[in-house]
Amino acid sequence: MTAGPITVSTATEPPQQGRRSSRGWWTATAIVLLPALIPPVSLAWQVVTEGIGAPIPFGRLVELFLGTLALTVAVTVTALGIGTGTAWLTNRTNLPGRKIWMLLAALPLVIPSYMAALTIIGATGPSGLLSIWPGVEIPTPYGFLGAWLALSVFLAPMAHLIITPALRMIDPATEEAATGLGASKTRVFFTITLLQLRPALVSAGLMVGLYTISDFGAVSLLRFDTFTRAIFTLYAGQIDRRPAAVLSVVLMVLALVILFLERRTRSRAGYHLKSTSRRRRRIELTGWGKALALGFLGSFAFVALIVPISVLVFWLIRGLDAGQDLGMFWDEIGRSLSVSTIAALLAAAAALPIAMVTTWKRGKFSNTAETATWAIYALPHITVGVAVVAFALQWIRPLYQTLGLLILTYVAMFMAQSVSTTQDSLRRASSDLEDASRGLGRGPLATLRRVTVPLAGPGLLAGSALVFLSVMKELPATLLLRPNGFETLAIRIWSSTGEGFYTRASAASLALLAVSIVPLLALTYRELSD
Amino acid sequence: MNSATDQLTIRARSLTKSYDDAVALDQFSLDVWEGSLLTLLGPSGCGKTTALRVIAGFEEAAGTVDIRGRQVLGPNVFVPPEKRKVGMVFQDYALFPHMTVKANIAYGINKKTTGNRVEEVLDLVGLSRLGNRMPNELSGGQQQRVALARALAPNPDVILLDEPFSNLDASLRDRVRRELRTILTETKTTAVLVTHDQEEALATSDLVAVMYQGRVVQVDAPAKLYTNPADPWIADFLGDADVLPSTGHRGYAESEIGRFKTDLKGRVIIVVRPEDVQISMGEAPNAMVASSEFFGHDQLVTVALASGRRVRSRIGPRPTYEPGEHVRVRAIHAQVFPGQV
């Protein structure tokens, strides 16, 4: 026995793992996650075992890689610049109408990239909106320029949304201390604010980059060759689909590397930023500064919101005037609405177990489950399409080109959105609540109905709204997996634009925006009431 | 207490459970008698919360648990928590945030009997007027009482309390503790409380079970435990204690501060509590004052013995001693254990 000055062991309690009550949730998580992982893994395996088929010329690969890289760098830099500007101006200055500018800066995110491409194409060229002024005729910027413009403007809101919370978390005392030491406003911004924002900026940059390399809609319509466009061409045009598979695997790996880097910066960012409730003074903008700031926000809103809407309305009116047949698209609306709704509900059901095992029921494999969910979410959708098609053709042929498989693919691709909002809800409550209910004599089902689902409810709803919006906009996976003749609004916009039917494309675009409004308003309301 | 007529509410035998790298329970055995309040006391990480959760049915373990003579855990036996009639008060209270106080309390009772029972329990914990509040509108102390009321409402066979006072301000803690004791006594409820706070354990309980590395090392009434700890580690864990090396010889162990009865032979350890050490000025000084801390109602004087060993003495506010003074030190009570310092 020990004696003398006796030290008492202060080891912390071991993590609550192996809880009996968490087994069901872990089983459900495995049932949801494992099938979702199979197609991408099997595609990679197929590439390894079956070879690469007709080799893609090395020069072509280099060209694709450089094209993708150039676009990614250009879009990331531009979107970060705009996003940092809008976030800083709307959060840290006394600009009039800040709340409205804040909303306007985030709003363009609802415009999918193929719709952005449509508005650029519809605004320029000999018959575009801008040509109504005599003598003005801007050639349509096909290629790099158009893709860069479309993606930058519509990804800047993403940067804005990632940077805003980080800006709010910077301790105002650090900036006050710098001012107290005699630093000018500019110097404070560059040496204090921006440096503390670095993790958020890196994170935002990587997210924008991830979206850029994954984008299919804008690059295909604006005819700029990147990996995604090449994959689609290889896939659609050839009997041997192995080259498309090879490119898909390369792009998947690229996306996962970016995701890995992003998750790492995010986990480190926590050390730099601490939450604070102290009020901060807003920076007073006067005279020229104010005019410049308003000009900047105004032109962004003009380019990202007013121009697109005007172009869409312009083509709709022009087509109706000319007596053009819009084509009945009630069917498309109905299809889009129903697949989006079903996928949103299923995604909520799939998300609940994952959210549970990563919050209340944490265990050895929690991080693995979370990583897997995000990895599936980060895969470029065109590659998911290629993988699911390949897997279906080989193993589950009867499901190939069925609605069921399409919806399941949507659920797998987007459930991460639902998981993340549900985690937020669950984290607000004690992880002992399920045990408390069981201890009070209620069985597992009654506990689920009366405690777990009501508490996860707001997150499940918000998640469903997000998934609904994503499925509504989804193009490449739908293109590859839909049953024959199954046209959604997104498909219709994309194909009509490609074929030059801008009136039809505009009508469908306006319809898509209109049906997106309800879930969008619900989400905004939730943000505001928080 | 432990007479044959008394009923055993909880009988746990040889509970054993380990996590990946750590042992949580190691042959843990415990008896809890009807109507008594037993405290599981141990340093953090000793497995006391795990023991509570195994008894409640939230976790499994090897071994057996009987509640009121019915086996709820054993080989091929696992009664789920909702069928155990065990009330649990969680460390963070785990009140359902989406339900009112009343709905929280009514959660564990049958609908038919809900009406009266809820009021009754609310009254018992003194919260009759707060029934329609939401949990987040209550203070920490009030939330704690709701958690207790909710656990009491279905008339469980036993109530388990996991560190129930740890989330309260120090100023509130004593009062809430006395209230809890009163309520449990009034309702004749059997309870097991888990804590790492020695004073809390000694002041609240009928019996204290000291846990160390997954097993119970001693069960006794608070006073007995404090004055007759089973080994030097328990002595030190329960309060201040100093140790002196000695040798057992002809029924005694000699030391610089007195000789103490023992049947042990060979090397021994003498454990002495500061309250048992007396200081006096005057003849035959055997120690020198090293330092003293003055608390008002008492003072703690540390003296250095001729051997260089230090012992502490807790005495009243008068007289005071200055460092460097030569004094005579004597222990009126000490415990002797086999072993070596």
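In the predicted model, chain B carries an open sheet built from five strands in the order S2-S1-S4-S5-S6, with antiparallel pairing. The edges go to strand S2 (23–33) and strand S6 (77–78) of chain B; each has a single partner strand, so one side of each is left without a neighbour in the sheet. At the S6 end, strand S5 (residues 70–74) of chain B and S6(B) pair in the antiparallel sense through two bridges, and B:Val77 of S6(B) is the bridge partner of B:Gly74. Helix H1 (residues 48–56) of chain B lies across three of these strands, namely strand S1 (8–18), S2 and strand S4 (62–67), and runs at about 120° to S1(B).

Over in chain A, helix H4 (residues 113–123) packs on helix H12 (residues 287–321) at an angle of about 65°, and their axes are 9 Å apart. H4(A) and H12(A) are therefore roughly perpendicular to each other, and the crossing is left-handed. On the H4(A) side, the contact brings in A:Ala116, A:Thr119, A:Gly122 and A:Ala123, which meet A:Val307, A:Pro308, A:Val311, A:Leu312 and A:Trp315 of H12(A).

Helix H20 (residues 489–499) of chain A has eight of its 11 residues buried, so the rest of the structure largely encloses it. The buried set runs from A:Leu489 through A:Ala490, A:Ile491, A:Arg492, A:Ile493 and A:Trp494, and also takes in A:Ser496 and A:Thr497. Just after H20(A) comes A:Gly500, with a positive phi of about 90°.

Definitions and conventions: Residues numbered from 1 in each chain as written. Chains lettered and ligands numbered in written order. Predicted model: local features only at pLDDT ≥ 70, side-chain atom pairs only at ≥ 80, totals over all residues. Buried ≥ 20, exposed ≤ 12 C-beta atoms within 10 Å, placed from the backbone. Helix = DSSP H or I, 4+ residues; strand = E, 2+ residues; numbered from the N terminus. Axes fitted to C-alpha atoms, helices over the stretch in contact; angles between N-to-C directions. Parallel < 35°, antiparallel > 145°, perpendicular 65-115°, else oblique. Left-handed = near helix turned anticlockwise from the far one by under 90°. Contact = placed C-beta atoms within 7 Å. Pairing = 2+ DSSP bridges.
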